[in-house]
Amino acid sequence: MTNKKIVMLAAEGDSTNIIYNAIDAEFSIDTVIIEKKESKKIFIKRRIKKLGIITVGGQILFQLIIVKLLNIFSEKRIKNILSENQLNISKIPSSKIVHVNSINDNAVAETLRNIQPDVIIINGTRIISKKILSAIPSVFINGHTGITPMYRGVHGGYWALVNNDRKHCGVTVHLVDEGIDTGTILYQETIQVAKKDNFVTYPYLQTAKMLSILSMAVENALFGNLNKVSVTGDSKIWYHPTIWQYLFYRISKNVK
């Protein structure tokens, strides 16, 4: 498989490091294109236009207060998840990284054309534009922390628990199209959540569960034999909870 090439398009973070280290150890990743985090001002302005200032204000308070506290009190649990699942969060070698302002920059399309990868793994980026998706005839694969189509968007595991929908608390590996987590589904798996888990530990459990099915999807793509499955269910996009939503569900449903 030495003539096959894999590229990652990703945002910085533990999940990107974990996925890179796992997939690189099995198949070897040629290049990782990392996009710069979007300006908070631009992000908030766009989100207010979509959801309204009250909702966005509640989401900001949730991030500033609840998530910060959960991260502090969950350090031990996160270390345990990393250890139990042999997840490697070591940084990606700088020689493998190309930094860009946006994953949709012309420079990204040019880089992909130069590399000509067979498979492109997406993790944590903004929505991939048609310009990038059509730049080369590669297979674009995304690992999503939610079961689609029911839990598109963000924090799918958390929202499934809020909805008492444990059978859909998990992960999806799917092809990438121009929509938000609407691509053809390749594999799905559910996760088991313990009482000590919470909003900031769910994604680590999901990433751990995702690795095996992402590896299968990459292998299938490299050999031109994609496994495509059909899943029925109401399609819905979920966003960050507000601080009052989180507190209400924690008290009323014990969802942390």
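Predicted model: local features only at pLDDT ≥ 70, side-chain atom pairs only at ≥ 80, totals over all residues.
## Aromatic pairs

The structure holds nine aromatic pairs. One of them joins Phe 62 and Tyr 246. Their ring centres are 5.3 Å apart and their planes meet at 50 degrees, so this pair is tilted. Phe 62 sits in helix H3 (residues 53–73) and Tyr 246 in helix H9 (residues 243–253). The two residues are 184 residues apart, and the pair links distant parts of the chain. Both Phe 62 and Tyr 246 are buried.

Tyr 246 also pairs with Tyr 158. Here the rings are stacked, with 6.3 Å from centre to centre and 20 degrees between the planes. Tyr 158 belongs to helix H7 (residues 156–162) and Tyr 246 to H9, so the pair ties together parts that are 88 residues apart in sequence. Tyr 158 counts as buried, at 2% relative accessibility. Tyr 246 is buried too, with a relative accessible area of 1%.

## The ring cluster

Ring pairs join Phe 62, Tyr 151, Tyr 158, Trp 159, Phe 199, Trp 238, Tyr 246, Phe 248 and Tyr 249 into a cluster. Within this group, Trp 238 has a charged neighbour. Lys 236 lies over the face of Trp 238, at 4.2 Å from the ring centre.

## The two sides of H9

Ile 243, Tyr 246 and Tyr 249 are buried in H9. Viewed down the helix axis, the buried residues of H9 fall within an arc of 140 degrees, so they line one face of the helix. These buried residues pack against H3 and H7. H3 carries Phe 62, and H7 carries Tyr 158. Both of those residues form ring pairs with Tyr 246, one tilted and one stacked.

The other side of H9 has Phe 248 and Ile 251, which are exposed. After H9 comes Asn 254. Its phi is positive, near 60 degrees.

## Thr 16 in H1

Thr 16 lies in helix H1 (residues 14–26). Its relative accessible area is 2%, and the residue is buried. The side chain of Thr 16 makes a polar contact with the side chain of Asn 123, at 2.8 Å.

Which residues is Thr 16 in contact with, leaving aside its neighbours within four places in sequence? They are Met 8, Ala 10, Ala 11, Ile 34, Ile 92 and Asn 123.

Definitions and conventions. Residues numbered from 1 in each chain as written. Heavy atoms only, no water. Phe/Tyr/Trp six-rings, centres within 6.5 Å; stacked < 30°, edge-to-face > 60°. Helix = DSSP H or I, 4+ residues; strand = E, 2+ residues; numbered from the N terminus. Buried < 20%, exposed > 50% of the residue type's maximum accessible area, 1.4 Å probe, protein only. Lys NZ or Arg CZ within 6 Å of the ring centre and 35° of its normal. Arc of directions from axis to C-beta. Contact = heavy atoms within 4.5 Å. Polar contact = N/O pair within 3.5 Å; in protein donor to acceptor, adjacent residues only side chain to side chain.
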